[in-house]
Amino acid sequence: MADHPRSCHSYSITQILPLSQERAFAYFADEKKLQSLTPSWLGFQVLAKSSPRLRQGTRLDYLMLFRGLPMHWRSRIEDWEPPRRFSYVQVRGPYAFFKHEHLFERLGRRTRMTDRVTFELPWLLRHPFVAHLVKADLKRIFEHRRD
């Protein structure tokens, strides 16, 4: 994917994991782990995936609650570089644009993992207050994941 739209917002968080880079990548690249890594208030469920194993081009269908409303979401794995990084982009869902990047850096026997989310709100919701709410939700999601 080329450049993302100009009206995008971003959020990132970094944490140190007590895992090797390979194990950290494998853990976060397992769609079966997504439900436990996601707060229960999102009602997150993986419904389907287009290939038996995740790889570049794999599509994933989810169901989640978006501010309490059920929302179907489809994403596609865009970048796949084990054990360094992977990313996915929203194909269908609540945003005009959404990309989530996972970056893994070896630190001896540990790994620095950075989650970076870039998003653009739909035209009717492009307001600084709405962007603030989305970033607050992202912070809560990643704090849950960290804990």
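Is Glu105 buried, partly exposed or exposed, and what is its relative accessibility? At 40% relative accessibility, Glu105 counts as partly exposed (buried is under 20% relative accessible area, exposed over 50%, partly exposed in between, with a 1.4 Å probe and protein chains only). These views come from a predicted model, where local features need pLDDT of at least 70, side-chain atom pairs count only at pLDDT 80 or more, and totals for chains, interfaces and linings use all residues. Residues are numbered from 1 along each chain as its sequence is written, and side-chain values use heavy atoms, leaving out hydrogens and water.

**View 1. Glu105 and its partner Arg112.** Their side chains meet in a salt bridge at 2.8 Å, N to O (a side-chain nitrogen of Lys or Arg within 4 Å of a carboxyl oxygen of Asp or Glu). Arg112 is partly exposed as well, at 30%.

**View 2. Glu31 with two lysines, Lys32 and Lys49**. Glu31 is buried, at 9% relative accessibility. Its salt bridge with Lys49 has the closest N and O atoms 2.7 Å apart. This pair links distant parts of the chain, 18 residues apart: Lys49 lies in strand β2 (residues 45-49), Glu31 in the loop between α1 and α2 (34-37). Helices (H or I, at least four residues) and strands (E, at least two) are DSSP runs, numbered from the N terminus. Glu31 also meets Lys32, at 4.0 Å, N to O; Lys32 is exposed, at 65%.

**View 3. A salt-bridge network**. Glu78, Asp79, Glu81, Arg84, Arg85, Lys99, Glu101 and Arg116 are linked here. The structure holds 13 salt bridges.
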